[in-house]
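Dear colleague,

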Amino acid sequence: MKEMRRRVLILAIVVIAIVVTATAGYIYVGSLSSAKPIVTVIRIPKGSSTEPTGFSVADFQTNFVNGTYPFPVNVTVTIGVNNSIEWVNDDTVGHTVTALVAPAGALKFNSGLISEGKSFSVTLNVQGVYKYTCAWHNWLAGKITVNSP
Ligand SMILES: [Cu+2]
């Protein structure tokens, strides 16, 4: 019965799409299929625990959250809403991915310690900007922008 209702719904969408196509002249096919969750993999490279030249923890603490942080943010990714990110730790020490900034209504994700060879995934359901760092090595920092659906 549920399957029948689903078919009727799909048929209705197709009919509407055809009418829209006939009147407006184009069809956005993507809206007919359910979005598949997409996973973006970020690898934490070996040697990441070594502090790079020019890093200032005071500077990080003062400026990272405010958006005027001058030290290069190592990772910048843009994903769609409800997509996932998976961090894989290729380093020989543990790291964390700890969100310090998240959009209103979104949880600030925190992986806890990701041991060497382990990974951590998060699915981001709220659009906006997230900024995260490793709790132990603040030079490992990233910015994630989640686009609207
Ligand atoms: Cu770390």
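In what order do the 3 strands of the open sheet lie? The order is β1-β3-β5, with mixed pairing. Here strands (E, at least two residues) and helices (H or I, at least four) are DSSP runs numbered from the N terminus, and two strands pair if DSSP finds at least two bridges between them. The edge strands, each pairing on one side only, are β1 (39-44) and β5 (119-124). Strand β3 (residues 83-89) pairs with β5 in the antiparallel sense over 6 bridges, and Trp87 stands opposite Phe120 in β5.

Please note that this is a predicted model: local features need pLDDT of at least 70, side-chain atom pairs count only at pLDDT 80 or more, and totals for chains, interfaces and linings use all residues. Residues are numbered from 1 along each chain as its sequence is written. The mean pLDDT (the predictor's confidence in each residue, from 0 to 100) is 82, and 74% of the residues reach 70 or more. Over residues 14-34 the pLDDT is below 50. Where pLDDT is low, the predicted coordinates should not be read in detail.

Phe64 lies in the loop between α2 (57-63) and β2 (75-80). This residue is buried, because 21 other C-beta atoms lie within 10 Å; the cut-off for buried is 20 or more, with C-beta atoms placed from the backbone, while 12 or fewer counts as exposed and anything in between as partly exposed. Beyond its neighbours within four places in sequence, Phe64 is in contact (C-beta atoms, placed from the backbone, within 7 Å) with Tyr69, Leu100, Lys131, Thr133 and Ala141. Phe64 and Asn138, 74 residues apart in sequence, are 9.7 Å apart in space, C-alpha to C-alpha.

With kind regards

Terms used: Two residues are in contact if their C-beta atoms, placed from the backbone, lie within 7 Å.
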